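These are my notebook entries on one chain. I went through the backbone, the sheet, the helix packing and the pocket in turn.

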Amino acid sequence: MDLVLKFLAREWTAHVVWILGRQGVVRFGALRRALPGEVSARVLSARLKHLESLGFVYRNDIGTVPPHVEYSLTDQGRLIDALLVQLECLSNQISLPESLKRT
């Protein structure tokens, strides 16, 4: 359990999995625009490479110029997405203090 929590707590990890779970196949730029706040291309690229190396994200390089790369969840990634859907259900049922928004 500790490893799953550490995995989900890494910056942008849960957000990336959540967006791919909702949108399916997503290009890099569209994924970056869908993330809340500002994430640099370098950070997002590193996060996607890490998720791909762990087997949670599939990277499909179409091989065109300019580059056309699409990202989607693997079967393992969909398991993590299912967990996030359950967390969304829980978040709709509980009330957390507003002070958490600032942290």
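**Entry 1: backbone.** I began at W12, which is found in the loop between helix 1 and helix 2. For W12 I noted a positive phi of about 75 degrees, although W12 is not a glycine. I then looked up P66, whose place is in the loop between strand 2 and strand 3. V65 and P66 are joined by a cis peptide bond, with omega at about 0 degrees. As a reminder to myself, most residues other than glycine have a negative phi, and most peptide bonds are trans.

**Entry 2: ground rules.** The model is predicted, so I note that local features need pLDDT of at least 70 and side-chain atom pairs count only at pLDDT 80 or more, while totals for chains, interfaces and linings use all residues. Residues are numbered from 1 along each chain as its sequence is written, and side-chain values use heavy atoms, with hydrogens and water left out.

**Entry 3: elements.** I listed five helices and three strands for the chain. Helices (H or I, at least four residues) and strands (E, at least two) are DSSP runs, numbered from the N terminus. From the N terminus on, the order of elements is α-α-β-α-α-β-β-α. The C-alpha trace of the chain spans about 50 × 30 × 20 Å along its principal axes.

Entry 4: The three strands form an open sheet in the order 1-3-2, with antiparallel pairing; two strands pair if DSSP finds at least two bridges between them. Strand 1 (26–27) and strand 2 (57–61) stand at the edges with a single partner strand each, so one side of each has no neighbour in the sheet. Strand 2 and strand 3 (residues 69–73) run antiparallel and are joined by five bridges. I looked up Y58 as well: its bridge partner in strand 3 is S72.

**Entry 5: helix 2.** Helix 2 lies across strand 1, strand 2 and strand 3, and runs at about 95 degrees to strand 3. Axes are lines fitted to C-alpha atoms, for helices over the stretch in contact, and angles run from 0 to 180 degrees between N-to-C directions. Helix 2 and helix 5 pack at about 95 degrees, with their axes 9 Å apart. The two are therefore roughly perpendicular to each other (65 to 115 degrees; under 35 counts as roughly parallel, over 145 as roughly antiparallel, the rest as oblique). In contact (heavy atoms within 4.5 Å) are A14, V17, W18, G21 and R22 of helix 2 with G77, I80, D81, L84, V85 and E88 of helix 5. By class I have six nonpolar, two polar and three charged residues there. Ala, Val, Leu, Ile, Met, Phe, Trp, Tyr, Cys and Pro count as nonpolar, Asp, Glu, Lys and Arg as charged, and the others, Gly among them, as polar.

**Entry 6: helix 1.** Helix 1 (residues 2–9) packs on helix 5 at about 85 degrees, with the axes 13 Å apart. V4, F7 and L8 of helix 1 meet I80, L83 and L84 of helix 5. This contact has six nonpolar residues, no polar and no charged ones.

Entry 7: What volume does the largest pocket have? I noted about 360 Å³, a volume being the space filled by probe spheres set on grid points, which are joined across faces, edges and corners. A pocket is an open set of points on a 1 Å grid over the protein atoms alone, where a 1.4 Å probe fits, with protein on both sides within 12 Å along at least five of seven lines; lining residues have an atom within 4 Å of a point. Of the 14 lining residues, A14, H15, L84, L87 and S91 are the closest to the centre. Helix 2 (13–23) and helix 5 (75–93) each supply at least two lining residues, and helix 2 gives the largest share, five residues. The lining has ten nonpolar, three polar and one charged residues.
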